[in-house]
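Please work through the exercises below with the sequence and the model open beside you, and try each task before reading its solution.

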Amino acid sequence: MSRFPATALRRGMVIPAHPLALTAARKLDERRQRALTRYYLDAGAGGIAVGVHTTQFAIRRPGVGLFRPVLELAAETASRWEADGGKRIVRVAGVIGRTGQAVREAETAAALGYHLGLLGLGALADASDARLIAHARAVGEVIPLMGFYLQPAVGGRILSYRFWRRFVELPSVMAIKIAPFNRYQTLDVVRAVADAGRIGDIALYTGNDDNILLDLLTPWPGGARMVGGLLGHWAFWTRSAVKLHRRVSLRAKKPSPRAKRRVKQSPRARRQSPRAQRRGPAVSSRLLTLAPEITDANGAIFDAANGFRGCIPGIHEILRRQGLLRGRWCLDPNEELSPGQAGEIDRVCSAYPHLADDEFVRERLDGWLK
């Protein structure tokens with residue numbers, strides 16, 4: 001495995017949650033699976049996450065057996081892209097199940113060159129905090145960990161502040177994807193990292209697809225900041241997501257006008273300036289308007305109105321319209337768009353064309369499919 005890209009991870013990046021490309025017979029479409037990976041890398045993503053919810057947990061089922069093949073395809077494609085002169089890519093593998101399964105998945109991911117295991121805990125729904133920590137420790141002995149607070153609506157479980165406070169003390173924890181779709185629970189994670197003194201050590205990534213931009217813009221308690229995102233919402237319109245992330249990152253690095261004035265005023269002000277600079281400039285009204293636009297688009301594509309039942313088909317539908325996928329097929333034939341969801345997707349695509357990256361995809365699609 002290549003050297004762990006800790007600096008890049010802590011600096012922050014866009015990490016799309018990689019979908020699964022299938023044929024009409026619901027078999028792996030290797031050509032389009034590779035094309036998706038090339039799309040994300042050419043769009044400027046800093047990493048890819050494979051074997052996660054968006055890839056469909058069912059890839060692990062007997063008779064499907066796609067966990068290793070899909071991870072292998074993504075790793076090979078990323079390695080070739082790096083060899084052609086691109087930047088290094090962070091590889092994240094979803095790791096789920098009870099401890100035996102999770103350790104085996106971690107071993108597979110590590111053998112294929114993945115840097116992080118995104119640790120899903122949904123299979124341990126009734127486990128105590130002590131049992132969860134023992135589970136995490138066992139997996140962390142195989143691969144560095146990205147903690148994962150997944151919302152219960154799509155297979156996660158409620159995790160207490162007490163759990164997170166113990167979890168962040170594990171030396172194997174390098175990052176956390178915070179995706180409970182709940183502000184109280186999001187704060188539990190941030191506060192645990194701050195209370196453990198690991199801000200700047202553990203990289204915080206938003207997975208709250210319903211609050212992406214505000215998560216990135218918010219100066220969180222204790223001086224924490226979400227430096228990037230690992231998101232199903234960034235599995236489409238990725239080029240636009242990369243541009244938005246760069247804009248937010250540059251903004252976070254700029255000292256505010258008030259901080260600049262303080263630097264000029266006095267030695268005392270100069271001593272205070274680093275804290276003032278971390279506040280950054282005032283958030284523009286355009287960014288504040290963009291935040292609910294992104295959430296509105298996500299609500300339609302992720303099918304929030306129906307408990308996210310059409311989430312994965314919704315992502316596939318956008319990729320199908322762009323030509324990256326041939327259809328929105330899932331491994332489960334019953335997993336389809338909800339009634340009325342297609343109309344909602346039409347609405348947000350029409351209302352927010354500036355969120356899309358259709359021209360970018362159109363210009364490069366043939367090359368990705370070769």
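Two exercises follow, both on a predicted model.

**Exercise 1.** Describe how helix H2 packs against helix H15, and state which residues of the two helices meet.

*Solution.* Begin with the geometry: helix H2, residues 30-42, and helix H15, residues 358-369, pack with their axes 9 Å apart and at an angle of about 135°. Next, classify that angle: angles over 145 degrees count as roughly antiparallel and those from 65 to 115 as roughly perpendicular, so H2 is oblique to H15. The crossing in which H2 passes H15 is right-handed. Then turn to the residues: on the H2 side, Arg 31, Arg 32, Ala 35, Arg 38, Tyr 39 and Asp 42 take part, and they meet Phe 360, Val 361, Trp 368 and Leu 369 of H15. Sorted by class, this contact of H2 with H15 holds 6 nonpolar and 4 charged residues, and no polar ones.

**Exercise 2.** Decide whether Phe 167 is buried or exposed, and find what surrounds this residue.

*Solution.* First locate Phe 167, which belongs to helix H6, residues 161-167. Its relative accessibility is 1%, and because buried means under 20%, Phe 167 counts as buried. Leaving aside residues up to four places away in sequence, Phe 167 touches Leu 119, Ile 133, Ala 136, Leu 145, Gly 147, Val 173 and Ile 176. Now follow these contacts into the strands: strand E5 covers residues 145-150 and pairs with E6 in the parallel sense over 6 bridges, with Met 146 standing opposite Ala 175 in E6. Strand E6, residues 173-179, is itself mostly covered, with 7 of its 7 residues buried.

Definitions and conventions
Residues are numbered from 1 along each chain as its sequence is written. This is a predicted model: local features need pLDDT of at least 70, side-chain atom pairs count only at pLDDT 80 or more; totals for chains, interfaces and linings use all residues. Side-chain values use heavy atoms; hydrogens and water are left out. Axes are lines fitted to C-alpha atoms, for helices over the stretch in contact, and angles run from 0 to 180 degrees between N-to-C directions. Helices (H or I, at least four residues) and strands (E, at least two) are DSSP runs, numbered from the N terminus. Angles under 35 degrees count as roughly parallel, over 145 as roughly antiparallel, 65 to 115 as roughly perpendicular and the rest as oblique. A crossing is left-handed if the near helix is turned anticlockwise from the far one by less than a right angle, and right-handed if clockwise. Contact means heavy atoms within 4.5 Å. Ala, Val, Leu, Ile, Met, Phe, Trp, Tyr, Cys and Pro count as nonpolar, Asp, Glu, Lys and Arg as charged, and the others, Gly among them, as polar. Buried means under 20% relative accessible area, exposed over 50%, partly exposed in between (1.4 Å probe, protein chains only). Two strands pair if DSSP finds at least two bridges between them.
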